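Here is a short briefing on one protein structure, arranged by topic for a reader who works with coordinates.

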Amino acid sequence: MASFFWVFGALCAGLSVVFSAAFAHLPQFAGGVPAMVQTALNQQQFHALGLLLVAFAVSSRGPSRWWLASGGLMVVGMVLFSFNLYARALLGFEGLRTFVPWGGSAWIAAWLLAAVAFARTAKPSTIT
């Protein structure tokens, strides 16, 4: 799973740059990129880095259920929140609108699980 988190996190980080540039030049955003889309971009960038952090933790500390659940929820949040908002703004697709808050909730849960994972895998301090 670590390799999936590395790849998906890096792709999402790169896509956030592509989307930022594309949205700045799309005719439908000539009056400015909507706040909803800016929020989706910001959250995508932040959580792409979070997913890379999870990938690093899984690689270095081992694949605990806490880390795996945290990474999985970050992926779910990316799809349900950011990608969903892009689809709404670009395609007018409203079919999955009700899932946006679930994406945000998935991200909150992902960070809580990451905190648990850090606490459970913390190494004792060597400072005396």
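E94 is partly exposed, because its relative accessible area is 39%, where buried means under 20%, exposed over 50% and partly exposed in between, computed with a 1.4 Å probe and protein chains only. This is a predicted model, in which local features need pLDDT of at least 70 and side-chain atom pairs count only at pLDDT 80 or more, while totals for chains, interfaces and linings use all residues. Residues are numbered from 1 along each chain as its sequence is written, and side-chain values use heavy atoms, with hydrogens and water left out.

**Salt bridges**

- A search of the whole structure finds two salt bridges, each defined as a side-chain nitrogen of Lys or Arg within 4 Å of a carboxyl oxygen of Asp or Glu.
- E94 pairs with R88, their closest N and O atoms lying 3.4 Å apart, and R88 is buried because its relative accessible area is 13%.
- E94 also meets the side chain of R97 at 3.1 Å, N to O, and R97 counts as partly exposed because its relative accessibility is 46%.
- Through shared partners, these salt bridges join R88, E94 and R97 into one network.

**Helix α4**

- Helices here are DSSP runs (H or I, at least four residues) numbered from the N terminus, and α4 covers residues 100-121.
- The 22 residues of α4 should span 32 Å at 1.5 Å a residue, which agrees with the 32 Å between its end C-alpha atoms; the expected span is 1.5 Å times one less than the number of residues.
- The buried residues of α4 are V100, G103, A106, W107, A110, L113, A114, A117 and T121.
- They cover an arc of only 130 degrees around the axis, so they lie on the same side of α4, the arc being that of the directions from the helix axis to the C-beta atoms.
- On the other side of α4, the residues P101, I108, L112 and A119 are exposed.
- The buried residues of α4 pack against α2 (35-61) and α3, where contact means heavy atoms within 4.5 Å.

- A89 belongs to helix α3 (residues 65-91), and, leaving aside residues up to four places away in sequence, A89 touches F29, M36 and V37.
- The C-alpha atoms of A89 and V37 are separated by 7.1 Å, although the two residues are 52 residues apart along the chain.

Key:
Helix = DSSP H or I, 4+ residues; strand = E, 2+ residues; numbered from the N terminus.
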